[in-house]
Amino acid sequence: MKMHPRTLLPPVFLALSWSVLTVSASLGQSVPEKDTQGADANPPPYKVGVLYETDPASTAGWKSAAQASQGGWELTEIAYANATHDAVSALDCLVLPDSPNVPATLQPVLEKFAEGGGDFILAGGRAFSQLPAGQKPFTDLVFDPQPRFQFQGNYTVQPWSEANVKLPPEALPANQTALSGFSALGFAFPNKSRFFPLVELVDGKGRRHAWAVSLLQHTGGEFKGGHWLLAGVEQPAFYQSPTLLAWMLQTVRSYTPPAAKAATSLPPLTSRTGR
């Protein structure tokens, strides 16, 4: 597994006025698939595997979302014990609803899937945070364990205005809901990846505290072709809305990003060396 030196762009979740992205497309609209050149008018289904520990009922929300939205998804439930390379290699996306508690034994499988350009939805908090001492995750490109990126309190969850996300109010928790977790940070590198904040957490005074949901797109490098949707909220109730889960599936599958301003005009806040 490879760890990367990181140069962070300014933490947009700390500055309400920060703007890197200029909206040019609606995230709520149907957008082209990845690599659409020469695509068939009836593309094959997008194959999704939802991983669980022992109880398949924990995947019910994702299954309901896929069935109700008729988004062209083919969803399979896979127990951790059965999540071998052969079991996941034909899939397009792996959903980890409880990503903090994914066992260490799955790291080689996840790494190989990622190196093949597979997509991920990493939900439930800071991914891979409960690995045994000394065990490193297959990637350090998502989330950050520093306390300043952790959140706990009452927040309003809302689409970020500059991402132009279209989500109905019933897809998100009520205003000023008690939530905790880690900001959904993805670490992007020039000519290799792009980071797109999508949904924010705002306190009662209108201040952004963290990103609830974001997307890291790999356009080059070892994970080229992969789209990783990150959701750092820990409460299971956050993920109860089929509308929200269906939006997550659609966004990780096919997302046309808004035009980006030149990031070179924004000085780095800090640097971090890979562990």
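## The nonpolar core

A nonpolar core is a set of buried Ala, Val, Leu, Ile, Met, Phe, Trp, Tyr and Cys residues that are joined through side-chain atoms within 4.5 Å, where buried means under 20% relative accessible area, exposed over 50% and partly exposed in between, with a 1.4 Å probe and protein chains only. The structure shown here is a predicted model, in which local features need pLDDT of at least 70 and side-chain atom pairs count only at pLDDT 80 or more, while totals for chains, interfaces and linings use all residues. Residues are numbered from 1 along each chain as its sequence is written, and side-chain values use heavy atoms, with hydrogens and water left out.

The largest nonpolar core has 76 residues, and those with the most contacts inside it are Leu110, Phe120, Leu198, Val213, Trp228 and Met248. The largest share of this core, 7 residues, comes from α4; helices (H or I, at least four residues) and strands (E, at least two) are DSSP runs, numbered from the N terminus.

## Aromatic pairs

Rings of Phe, Tyr and Trp (its six-membered ring) pair if their centres lie within 6.5 Å, and planes under 30 degrees apart count as stacked, over 60 as edge-to-face and the rest as tilted. By this rule the count comes to 11 aromatic pairs. One of them joins Phe120 and Trp228 edge-to-face, at 5.8 Å centre to centre and with 90° between the planes. Because Phe120 lies in strand β6 (residues 119-122) and Trp228 in strand β11 (residues 227-231), this pair ties together parts that are 108 residues apart in sequence. Phe120 is buried, with a relative accessible area of 0%, and Trp228 is buried with a relative accessible area of 0%.

Trp160 and Trp211 also form an edge-to-face pair, with 5.0 Å centre to centre and 65° between the planes. This pair links distant parts of the chain, since Trp160 is in the loop between β7 (150-159) and β8 (177-182) and Trp211 in strand β10 (residues 208-218), 51 residues apart. Trp160 counts as buried at 2% relative accessibility, and Trp211 is buried at 0%.

## Around Trp228

Ring pairs link Phe113, Phe120, Phe128, Phe138, Phe223 and Trp228 into a cluster. Leaving aside neighbours within four places in sequence, Trp228 is in contact (heavy atoms within 4.5 Å) with residues including Ala114, Gly118, Phe120, Phe138, Leu141, Val142, His218 and Phe223.
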